[in-house]
Amino acid sequence: MADSLVALEVVPLREARLVVDLGAGAGFPGLALAAALPETKVRAVDSVAKKCAFMRRAAAQAGIDNAEIVHARAETLGAAPPQADVVTARAVGRLALVEEYAAPILVLGGHLVAWTGRRDADAEAEARRAAAVLGLELVEARPVTPYAGALHRHLHVYRKALPTPERFPRRPGIARKRARSRAPMPAKSA
């Protein structure tokens, strides 16, 4: 829970009207953030029906009525017009992959808050390349200590500075399959 709530240090998250939590799994950070931010709508998204059923039961039992549980793949959310003020992701995949899932969902000026562990120069270089293609800019890579003994934890915060190219999101499964430790390539110029 503390690992989820450490994101409340990020001002745009505290001020968001709609937060979309990708890969919400057992409800972290989505349900924890929904409980902490009762005026914010939190859409917890996971592709596994069993996890969504668990989150629905947990939200109902905890009386968290500002959480909406969505059984879907992240790539399918980007087909609708951008809506999220903030997208959160914890333990979803490499940073560049998370950026690709999040960018099409974010409104212009919206923020991505991604939980990471130990900083990795190669992963961050890959994420910089992906961000440039997706219209995101790094705001900060904030070290956090959600609880005593928590080492090497970071929140990577990005702002959507430019519209995401229309070719994103790619079809379900393609971003993970074709990432191959490199960022999405920019479109070829004519």
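**Close-up views of a predicted model**

**View 1. Surroundings of helix H7.** In this predicted model, the buried residues of H7 pack against H6, strand S6 (136-144) and strand S7 (153-160). These buried residues are Ala123, Glu124, Ala125, Glu126, Ala127, Ala130, Ala131, Val133 and Leu134. With 14 residues at 1.5 Å a residue, H7 should span 20 Å, and this agrees with the 20 Å between its end C-alpha atoms.

**View 2. Packing of helix H6 with helix H7.** The axes of H6 (residues 95-102) and H7 (residues 121-134) come within 8 Å, crossing at roughly 15 degrees. Angles under 35 degrees count as roughly parallel, and H6 and H7 are therefore roughly parallel to each other. The crossing in which H6 passes H7 is right-handed. On the H6 side, the contact is made by Leu95, Ala96, Glu99 and Glu100; on the H7 side, by Glu126, Ala127, Ala130, Ala131 and Leu134. Of the residues in this contact, six are nonpolar and three are charged, with no polar residue.

**View 3. Burial of helix H6.** H6 is mostly covered, with eight of its eight residues buried. They are Leu95, Ala96, Leu97, Val98, Glu99, Glu100, Tyr101 and Ala102. Among them, Leu95, Ala96, Glu99 and Glu100 belong to the contact with H7.

**View 4. The cis peptide bond at Pro29.** The bond from Phe28 to Pro29 is cis, and its omega is near 10 degrees. Pro29 is placed in the loop between strand S1 (18-22) and helix H3 (30-36).

**View 5. The cis peptide bond at Pro169.** Between Phe168 and Pro169 the peptide bond is cis, with omega near 5 degrees. The loop that holds Pro169 runs between S7 and helix H8 (174-179). S7 is also one of the elements against which the buried residues of H7 pack.

**View 6. Positive phi at Ala91.** Although Ala91 is not a glycine, its phi is positive, at about 60 degrees. Ala91 lies in the loop between strand S4 (84-90) and H6. Its relative accessibility is 75%, so Ala91 counts as exposed, the cut-off being over 50%.

**View 7. Positive phi at His152.** His152, a residue other than glycine, has a positive phi near 55 degrees. The residue is found in the loop between S6 and S7. With a relative accessible area of 39%, His152 is partly exposed. Both strands that flank this loop, S6 and S7, are packed against by buried residues of H7.

How values were computed
Residues numbered from 1 in each chain as written. Predicted model: local features only at pLDDT ≥ 70, side-chain atom pairs only at ≥ 80, totals over all residues. Heavy atoms only, no water. Axes fitted to C-alpha atoms, helices over the stretch in contact; angles between N-to-C directions. Helix = DSSP H or I, 4+ residues; strand = E, 2+ residues; numbered from the N terminus. Parallel < 35°, antiparallel > 145°, perpendicular 65-115°, else oblique. Left-handed = near helix turned anticlockwise from the far one by under 90°. Contact = heavy atoms within 4.5 Å. Nonpolar A, V, L, I, M, F, W, Y, C, P; charged D, E, K, R; others polar. Buried < 20%, exposed > 50% of the residue type's maximum accessible area, 1.4 Å probe, protein only. Expected span 1.5 Å × (residues − 1).
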